[in-house]
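Hi there,

Here is the structure I promised to pass on to you. Have a look at it first, and then read on for what I found.

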Amino acid sequence: MTSLAEKKGFIWFDGEIVNSEEANVHVLTHTLHYGLGVFEGVRAYETPDGTKIFRLNDHTERLFSSAKAVDLEIPFSKEEINQAQIEIVKLNNLKEAYIRPMCFYGSGSLGLRADDLKVHTIVAAWEWPSYMAPEVFENGIKVKISSYKRERGNLVSRSKVNGNYVKSMMALKEALKEGYDEALLLDTENFISEGSGENLFAIKNNELLTPNLEASLDGITRKAIISLAEEIGMKVNIADLTEEDILSAEELFFTGTAAEVVPITQVNDQKIGSGIRGEVTEILQKNYFDQVRGKRSSFPEWHTLVS
């Protein structure tokens, strides 16, 4: 498989279009050492009307919110970042794409004070069809409750900050080593938080349940699923959820820009519901995939045409 470093194409780097192989930084780049940067994961999908970026404005708004949480000043406007994402998908001739905007500190100096450092901004895009194997969208995945925990009530820890994902990686590694497909983290008060890179939903007594955002990322796909559930008349309950709430649920699924909508059929050694993808999960999953690929007329404001 070709590594990302070997892929030909273009990257938007500090307002300029450069060849991918020329988009380099110094080994003393501050964010490489300390992890203080912010980023987004965005998807563009092929639709009957052409390639469209899904919820572009929401992703860019969250990028700036994350930057504010860590006092990092992005040297470009939201409109410029939006346009950069449109431009880089177009220049790389991508019909469908995963898009990565990121803002990070340069190599001016090292040290925790991060004094007088330039903030760099990149936007890259490449083909990334599915974060998980295609069959899991029907068959579901097995999830392990992790020994790692999310910090509760901390704005920085629930923002999309580069360094936060070390814990996600460790939780996922732990789950994979034990034969599971993904991890589910609790927060520091033992309420359900989220997956390594996904928000969690449960279906119980005809309600759609999801953890509040005390220890979870404000997921863009999460927002979409809540809207799609309300559209079909489901009651949505956002609350603190316990491990027992999850284990006794009729259906479970993860959502995320990379993962999209993935059923969960087992948590630890316990089967969830009937052990297969549930009926409501299937409906919401189908509506989501139809939505992002432009097969529905609802929510046209979620789509930005690449043209």
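Setting aside neighbours within four places in sequence, T29 is in contact with F104, Y105, G106 and S107, where contact means heavy atoms within 4.5 Å. This is a predicted model, in which local features need pLDDT of at least 70 and side-chain atom pairs count only at pLDDT 80 or more, while totals for chains, interfaces and linings use all residues. Residues are numbered from 1 along each chain as its sequence is written, and side-chain values use heavy atoms, with hydrogens and water left out.

T29 sits in the loop between β2 (16-19) and α1 (30-34); helices (H or I, at least four residues) and strands (E, at least two) are DSSP runs, numbered from the N terminus. Its relative accessibility is 5%, so T29 counts as buried (under 20% relative accessible area; exposed is over 50%, partly exposed in between, with a 1.4 Å probe and protein chains only).

Within α6, the buried residues include I220, I225 and L228. I225 touches F201, L208, F253, T255, V261, L284 and Y288, not counting residues up to four places away in sequence. After α6 comes G233, with a positive phi near 85 degrees.

Enjoy exploring!
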